[in-house]
Amino acid sequence: MAILPIITAPDPRLKTISRPVERVDDDLRRLMDDMLETMYAAPGIGLAAIQVGVPKRVLVIDLSEEEGVRKPLYFVNPEIVDAAEEYSVYNEGCLSLPDQYAEVERPSEVTVRFLDYHGEPQEIHATGLLATCIQHEMDHLDGVLFVDHLSSLKRNMILRKLKKMQRLAETG
Ligand code: NI
C-alpha cells in the first residue's frame with residue numbers, strides 16, 4: 001500500500017466530475033487500499049478518489065473511534081436513493097482544505113446504493129456523522145467542496161485563509 005499526495009484547493013482537478021467505475025477489479029482494490037492508507041496517514045475520516053487525482057466514483061470512509069480498530073467502508077459508484085426531509089448541521093472539514101472548518105447543513109439520513117470492495121451491490125441507511133460524511137465525499141465526485149455550500153462571503157474567507165497558509169508554507 002502507498003500513501004498518495006492529496007490535492008488541495010484551489011486545484012482545478014477538484015472541480016472534476018468523476019466517472020463511474022466499470023469493473024471492481026484488483027487495480028481498483030489497490031486504489032482503494034492506497035486511498036485508505038492515505039486517509040489514515042492524513043489523518044482523516046473520508047476520502048474521495050479525485051482528492052488523490054483519480055477521477056473515479058470511489059470513496060473510502062472510516063468512522064471508528066476506538067484506537068487501533070479499523071472499520072473501513074468502501075463505496076464504488078454510490079447513489080443516494082432516499083434522503084430525510086430533516087436536516088442536521090456538522091462542523092465539516094476536508095483534507096483538500098487543510099485546517100478549515102465550517103458548519104454545513106445536509107439531510108440527516110440517507111439511503112445509499114453502491115458496490116462494495118468486492119463489487120457486490122449493497123444498500124445502507126446512514127444516519128448521524130456517517131450520513132454527513134457520505135454526502136460530503138459524494139459531493140467530491142461531482143466537483144463540489146463543502147465550502148460550496150456556504151455563502152460566497154464565508155467561502156472566500158476560507159479560500160483566502162488557505163492561500164495565505166500555502167504562501168507561508170512555501171516561504172517558511
Ligand atoms: Ni472532503
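User: Which element gives the most to the lining of the largest pocket?

Analyst: A word on the source to begin with: this is a predicted model. Rolling a probe the size of a water molecule over the atoms shows where empty space is left. In this structure α2 contributes the most to the lining of the largest pocket, namely 6 residues. Two or more lining residues also come from β4 (87-94) and from β5, as they do from α2 (128-141).

User: What is the volume of the largest pocket, and which residues lie nearest its centre?

Analyst: The volume of the largest pocket is about 370 Å³. Its lining consists of 22 residues, and those nearest the centre are Gly-44, Ile-45, Gly-93, Cys-94 and Leu-95. Sorted by class, the lining holds 10 nonpolar, 9 polar and 3 charged residues.

User: How many aromatic pairs does a search of the whole structure find?

Analyst: The search finds 2 aromatic pairs. One of them is formed by Tyr-74 and Tyr-117, with 4.5 Å centre to centre and 50° between the planes, and this pair is tilted. Tyr-74 belongs to strand β3 (residues 73-83), while Tyr-117 sits in the loop between β6 (109-115) and β7 (121-127); the pair links distant parts of the chain, 43 residues apart. Both Tyr-74 and Tyr-117 are buried.

User: Why is the pair of Phe-75 and Phe-114 tilted?

Analyst: The class follows from the angle between the ring planes: under 30 degrees counts as stacked, over 60 as edge-to-face, and the rest as tilted. For Phe-75 and Phe-114 the planes are at 50°, with the ring centres 4.5 Å apart, so the pair is tilted. This pair too links distant parts of the chain, as Phe-75 is in strand β3 and Phe-114 in strand β6, 39 residues apart.

User: Are Phe-75 and Phe-114 buried or exposed?

Analyst: A residue counts as buried under 20% relative accessible area. Phe-75 has 1%, so Phe-75 is buried. Phe-114 has 10%, and therefore counts as buried.

User: What sits over the ring of Tyr-40?

Analyst: The charged end of Arg-70 does, at 3.8 Å from the ring centre.

User: Where does Gln-100 lie, and which residues does Gln-100 touch?

Analyst: Gln-100 is in strand β5 (residues 97-107). Its relative accessible area is 3%, so Gln-100 is buried. Leaving aside residues up to four places away in sequence, Gln-100 touches Glu-92, Gly-93, Cys-94, Phe-146, Ile-158, Lys-161, Leu-162 and Met-165.

User: Which residues does a cis peptide bond join?

Analyst: Most residues other than glycine have a negative phi, and most peptide bonds are trans. Here a cis bond joins Ala-9 and Pro-10, with omega about 5°. Pro-10 is in the segment before α1 (26-41). The bond from Ala-42 to Pro-43 is also cis, with omega near -5°. Pro-43 is found in the loop between α1 and β1 (46-48).

User: What is phi of Asn-77, and what is phi of Asp-99?

Analyst: Asn-77 has phi near 50°, which is positive in a residue other than glycine. Asn-77 lies in strand β3. Asp-99 is not a glycine either, and its phi is positive at about 65°. Asp-99 is placed in strand β5.

User: Is Asp-99 buried or exposed?

Analyst: The cut-off for exposed is over 50% relative accessible area. Asp-99 has 56%, so Asp-99 is exposed.

Conventions
Residues are numbered from 1 along each chain as its sequence is written. This is a predicted model: local features need pLDDT of at least 70, side-chain atom pairs count only at pLDDT 80 or more; totals for chains, interfaces and linings use all residues. Side-chain values use heavy atoms; hydrogens and water are left out. Rings of Phe, Tyr and Trp (its six-membered ring) pair if their centres lie within 6.5 Å; planes under 30 degrees apart count as stacked, over 60 as edge-to-face and the rest as tilted. Helices (H or I, at least four residues) and strands (E, at least two) are DSSP runs, numbered from the N terminus. Buried means under 20% relative accessible area, exposed over 50%, partly exposed in between (1.4 Å probe, protein chains only). A charge sits over a ring if NZ of Lys or CZ of Arg is within 6 Å of the ring centre and within 35 degrees of the ring normal. Contact means heavy atoms within 4.5 Å. On a 1 Å grid over the protein atoms alone, a cavity is a set of points where a 1.4 Å probe fits but cannot get out, and a pocket is an open set with protein on both sides within 12 Å along at least five of seven lines; lining residues have an atom within 4 Å of a point. Grid points are joined across faces, edges and corners, and a volume is the space filled by probe spheres set on the points. Ala, Val, Leu, Ile, Met, Phe, Trp, Tyr, Cys and Pro count as nonpolar, Asp, Glu, Lys and Arg as charged, and the others, Gly among them, as polar.
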